[in-house]
Amino acid sequence: MTLTLEKVSYRYAGAATPSLRDIDIALRDGEVLGLVGASESGKTTLCLVASGLAPRTVGGRLTGRVLLDGKDIEAARIHELAGRIGIAFQNPATQRSGVTETVFEEVAFGPMNLGQPLDEILERTSSALRALRIEELAPRDPGQLSGGQQQLVAIAGLLAMAPSHLVLDEPTAQLDPAGTTLVGDAIAQLALDGTSILLVEHKTDLLARVCSRVIALEAGRVAMEGAAPDVLSDPRLGQLGVAEPALVRLRRMAEGAGLDPARLERAEASV
Amino acid sequence: MVDLAVEGLSHVYGREVRALQGVDLRIASGERVALVGQNGSGKTTLVRHLNGLLRPSSGRVLVDGVDAARLTVAQMARRVGLVFQDPDQQIFAASVRSEVEFGPRNLGLRGGSLRQAVDEALDAVGLGTEARTNPYDLGSARRKLLALASVLAMRTPVLVLDEPTTGQDLRGVERVRSVIESASSAGRTVIAISHDMRFVAESFARVVVMHAGRIVLDGPPESVFAAPAWDRLRATYLEPPLAALIGESLGLGSTPTDEALIYAISSS
Amino acid sequence: MLGPAILVLIAVVIPALVAGVLSRLLRTSLLLTLPIAVSVLLVNVFFFPGGRTELLRIGPIVATAEGLGFAIEILARILAISGAITLFYLVTRPAELVLDLERRGVSPQLGFVANASVQTVPAMVERAGAITAAQRARGLDTEGSVWRRARGIVPIVGPVILGSIAEVEERTMALEARGFTRPGRRTLLWAPDDSGLQRLARWFLLLALPVLAAARATGWLS
């Protein structure tokens, strides 16, 4: 199932200028699409539009169409979209329901809300925990986990609703290095499993690792789009306010110093 | 010029949580020190002792030779400015300018010198044109820069930054870098907590690694990110910057920054 | 005269024993009623109108047996009430209570609010603490004169409220993204056990209410 944004523009209620202009993108089945851009370039707005929270919960005006499997989702209510597009944010604490005593219940929260039959809920919850390799966290209190673990629980909670797409808005932003690695590995595994993911991150090293395609936004418009290795090594990234992946920067510096970048790449492959 | 020293500092939260276990640290005036480690390693607890928000369970904190126990937090704020990680934990004013004025006003600045301190701080973080904007009309990344400006304006001899580059885009990181540069050239001590090892290697002359309430490594990036230290570094779940890994792999010795690596390759 | 009070005490003490919370119950309800108990005792023992049988004399003040009897009666009633409330609090897990209500038809959103409200206060207190720390680091004086400390209210209350509002927005989005606003019932993973015996006990208690009220009103139970 493809998630398509067709000529989408979006203006928040009371805003002077639109946050998104003429966005045309498609997230295909099994694809991991990276989204980069300077702060306030529209990345979060794009996530909210892709998940349906904008305009439903956030308010504002959407022009253009958002299509899921070719069908316009305009008429769908937010709880109808909940089971089809899952969205996670950067703050682990606000994504916890706050009313569950175990991770298992927390992950089952979504399916429970959707009124699915009990055995299906149990099955989906277990498989979501397995997909993120957090089965041993099942009996633990979600409030007592580390930031990285909480983010994994949040993502598992989305997976349990068996969405066709996941939208992750800077999931590692507030995590320490161990947490970032934990979540990064989990996303890489999900990518291998064929989950469709829209991933926003400043950490371009992570995007280089898991994304097949990358889109760069500038002032609400698509400024660059293409295969991940191409976009992430494009020299225009800096102007767009995006930090290059570490290896890309080293390669560029090596070339600037008249050195052969191949040596660097071989060395990087071996570490 | 303010020297900081921490002697045998231990801190226990409640009755059991030992956040700091006998830490000894000296930071001379004007140094640039990065404090790294996992969440829970004690970094935040340590810096909160430097401005008196926390008091030692045992050991002591010396600010310019004076025992911090004898000073109130308001008095310490004059010497040590601490920028918190979450700007939304401090923003309360209706305009960027009023928000930045709060700190220096508390320290007694008025009139022309207050205005100057605020203007300089706003320019330093790139918010000079937003003086009348409502802070919540800025995105969260720029609110973080606002929080930085609000402490910069206090012109404290010591500046402590808690994760200044987290959530910043390229330009934001460059802003933070240049703020650290100018503060340092003006003779101020700069201490930063960070999870970005590359940023740390490039901007700081000294790296202090913490784990489970203790300091496990303390030295310049050349030693802390060099191969002999990798085992200890990795035991705290930290990875050296890519430049260091590649440098070792190419047999070029310790190259903690991209510049050092390129230089080493060119000279070999 | 102590009849009703003793009846309730039995209805409270025996279940507490069965539930294994008797010692906590006694400790808590005694602690709760201690301040009242002291004043009730003092006032009534010494100043009960119509007290004749002298027990103790301290100068012009007399302790009477009637006063003591009255005080004990009042205390027994207070203990009965506080005991019942404490028992409820000690044997009920809020999550279970809310789930049971939901099972019987209360809207899940209402149940959520009940559960989540409990969490809000400690979270806000923690937040206020973090904000106070941030403002003190900017020179806000919380250790000076009352006037100075009063000036610190806005810089602390402001971010508490603004931040809570911003957080509520994020929380709402996260909840909606997980189908929270879907109308109708949701599937429950579990619900507290109910047995025929418990149902019987509930009906018995419910029916006992009008019976006891009538007995009291007609003076049969005093």
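Which residues of helix H10 (residues 246–256) of chain A are buried? I started my notebook with that one, and the list reads Ala246(A), Leu247(A), Val248(A), Leu250(A) and Ala254(A). I call a residue buried if 20 or more other C-beta atoms lie within 10 Å of its own, exposed if 12 or fewer, and partly exposed in between, with C-beta atoms placed from the backbone. Helices (H or I, at least four residues) and strands (E, at least two) are DSSP runs, numbered from the N terminus.

**Ground rules**

This is a predicted model, in which local features need pLDDT of at least 70 and side-chain atom pairs count only at pLDDT 80 or more, while totals for chains, interfaces and linings use all residues. Residues are numbered from 1 along each chain as its sequence is written, and chains are lettered from A and ligands numbered from 1 in the order in which they are written.

**Entry: around H10(A)**

I then looked up the partners of those buried residues. Within chain A they pack against helix H8 (204–210), helix H9 (228–232) and helix H11 (261–270). From chain B, the partners are helix H7 (197–203), H10 and H11. After H10(A) comes Gly258(A), with a positive phi near 75 degrees.

**Entry: the cores**

Next I checked the largest nonpolar core, which has 178 residues. A nonpolar core here is a set of buried Ala, Val, Leu, Ile, Met, Phe, Trp, Tyr and Cys residues joined through C-beta atoms within 7 Å. The members that touch the most others are Ala156(A), Leu199(A), Leu35(B) and Ala149(B). I followed Ala156(A): leaving aside residues up to four places away in sequence, its contacts are Val107(A), Ala128(A), Leu129(A), Leu132(A) and Ile134(A). Contact means that two C-beta atoms, placed from the backbone, lie within 7 Å. There is also a second, separate core of six residues, among them Ala16(C), Leu25(C), Ala80(C) and Leu87(C).

**Entry: H6(A) and H7(A)**

How do helix H6 (residues 147–159) and helix H7 (residues 177–192) of chain A pack? I noted an angle of about 25 degrees, with the axes 8 Å apart. The axes are lines fitted to C-alpha atoms, for helices over the stretch in contact, and angles run from 0 to 180 degrees between N-to-C directions. H6(A) and H7(A) are therefore roughly parallel; angles under 35 degrees count as roughly parallel, over 145 as roughly antiparallel, 65 to 115 as roughly perpendicular and the rest as oblique. On the H6(A) side I found Gly147(A), Gly148(A), Gln151(A), Leu152(A) and Ile155(A). They meet Ala178(A), Gly179(A), Leu182(A), Val183(A) and Ala186(A) of H7(A). This contact has six nonpolar, four polar and no charged residues. For classes, Ala, Val, Leu, Ile, Met, Phe, Trp, Tyr, Cys and Pro count as nonpolar, Asp, Glu, Lys and Arg as charged, and the others, Gly among them, as polar.

**Entry: H4(C) and H5(C)**

Over in chain C, helix H4 (residues 94–103) packs with H5(C) at about 170 degrees, the axes being 9 Å apart. That makes the two roughly antiparallel. H4(C) brings Pro94(C), Ala95(C), Val98(C), Leu101(C) and Glu102(C), and H5(C) brings Pro108(C), Gly111(C), Ala114(C), Asn115(C) and Val118(C).

**Entry: what touches chain A**

Chain C puts 25 residues into its contact with 30 residues of chain A. Helix H5 (108–136) and helix H7 (153–176) of chain C each give at least two residues to that side, and H7(C) has the largest share, eight.

Ala54(A) and Pro55(A) are joined by a cis peptide bond, with omega about 5 degrees. Pro55(A) sits in helix H2 (residues 53–56) of chain A.

Ala162(A) has a positive phi of about 50 degrees and lies in the loop between H6 and strand E7 (165–169) of chain A. Arg155(B) has a positive phi near 50 degrees and lies in the loop between H5 and strand E7 (158–162) of chain B. Are they buried or exposed? Ala162(A) is partly exposed, with 17 C-beta neighbours inside 10 Å, whereas Arg155(B) counts as buried, with 20.
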